[in-house]
Structures are given as structure tokens and as C-alpha cells.
Amino acid sequence: YLRQRQNTVRCIITSLTDAEEGGDLYEELRRQDARPLEHVQADSDDEEEPPTMEWVPPPPLNKERGDFLGTGGKGGSGDILSMLVSIYGSKDLFVNEFRLMLADKLLANLTFNTDQEVHTLELLKLRFGEISMRSCEIMIKDIDDSKRVISN
């Protein structure tokens, strides 16, 4: 259902990058122990075959109550971003949506202040990779160059 909706990826990226809207996804991006999304596999369970009545949910990875993500059950969080990327099958979908949203935000930014965008971009580069975020980096550099030209 979520893959069919037009605005789902945009909502995910907004939650991931916006402090006011963020919540769990905003905190997920800022985790110190987060790993790059290099080896995320597409979740193809839904497309293979219809469900049967014999399906049983997997046991928790940790014996803590309801801890299916293996987070220890003590308020930690699993790798939510990896799960979302695996559902959609490609991190490129998320990178492209962030690029479009960043372009809109930079064009609407009349003060040329890009500090928050640079910070968010650096965090995203740690998760999605430097090469994937290259075009976003160039856009921010162009805005910074424009700020310098206008001020001189």
C-alpha cells in the first residue's frame, strides 16, 4: 500500500530531515552507531507468493518483550532507515526525493543560510554514501558561491 502512494517517500524524507516533524526518523539519522546503507536488499516477500495459513511470525531476536528489531528493548531503536530502504528496494529513490526537496528549500531560501542543510547533508552522506549525495553537495556549494558573489 505505501509503495503505491505518491507522497510516502516525501513524507519519509521530511520526517528524516526536519526537526519539527521528525520523531523517530529524525533521531535515526542522528544516531552515532548508524551504518551505511550499502548492502540493503529489497524486501520481495510480498511479491513472491500469496500468504498461507501456516505463516508464523519470527521470534524476537532478543528475549525482551516485543523486541523484533534486536534493539535490547531498553528504548533503543533498530535500523529503521535500512528497513524502509529495503521495502522500497533502492536508496536512489530516497536520494532523488531529498535532492528535489533540497532544491525547493534552497530556491526559497532568500538569506542564503545553508548551515542546517549542510549538517543534514553530511549526516545523509554517512548513511547513503558520498557519491549518491554529490548533486546535493553541488547545489549547496552553488548557493554558497552565490552568497559570496552577492556580498562582494
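Predicted model: local features only at pLDDT ≥ 70, side-chain atom pairs only at ≥ 80, totals over all residues.
Student: How should I read the packing of two helices, and at what angle do helix 4 and helix 5 pack?

Tutor: Two packed helices are described by the angle between their axes and the distance between the axes. For helix 4 and helix 5 the angle is about 105° and the axes are 8 Å apart; the two helices are therefore roughly perpendicular to each other. In this contact, helix 4 contributes Leu84, Val85 and Tyr88, which meet Lys91, Leu93 and Phe94 of helix 5, and by class the contact has 5 nonpolar, no polar and 1 charged residues.

Student: Which rings form the aromatic pair, and how is its geometry described?

Tutor: A pair of aromatic rings is described by the distance of the centres and the angle of the planes. The structure holds 1 such pair: the rings of tyrosine 88 and phenylalanine 94 have centres 5.5 Å apart and planes at 90°, so the pair is edge-to-face. Phenylalanine 94, at 1% relative accessibility, counts as buried.

Student: Which residues of the largest nonpolar core touch the most other members?

Tutor: That core has 25 residues, and those touching the most other members are Ile13, Leu16, Phe94, Phe98, Leu124, Phe128 and Met133. Two or more residues come from each of helix 1, helix 2, helix 4, helix 5, helix 6 and helix 7, with the largest share, 6 residues, coming from helix 5. As for phenylalanine 128, if neighbours within four places in sequence are left aside, this residue is in contact with Leu37, Leu81, Val85, Lys91, Phe94, Val95 and Met133.

Student: Finally, is helix 1 mostly covered or mostly uncovered?

Tutor: An α-helix has 3.6 residues a turn, so residues three or four places apart point the same way. Helix 1 is mostly covered, with 8 of its 10 residues buried; among them are Val9, Ile12, Ile13 and Leu16. The buried residues of helix 1 pack against helix 2, helix 4, helix 5 and helix 6.

Notes. Residues numbered from 1 in each chain as written. Heavy atoms only, no water. Core = buried A, V, L, I, M, F, W, Y, C linked by side-chain atoms within 4.5 Å. Buried < 20%, exposed > 50% of the residue type's maximum accessible area, 1.4 Å probe, protein only. Helix = DSSP H or I, 4+ residues; strand = E, 2+ residues; numbered from the N terminus. Contact = heavy atoms within 4.5 Å. Axes fitted to C-alpha atoms, helices over the stretch in contact; angles between N-to-C directions. Parallel < 35°, antiparallel > 145°, perpendicular 65-115°, else oblique. Nonpolar A, V, L, I, M, F, W, Y, C, P; charged D, E, K, R; others polar. Phe/Tyr/Trp six-rings, centres within 6.5 Å; stacked < 30°, edge-to-face > 60°.
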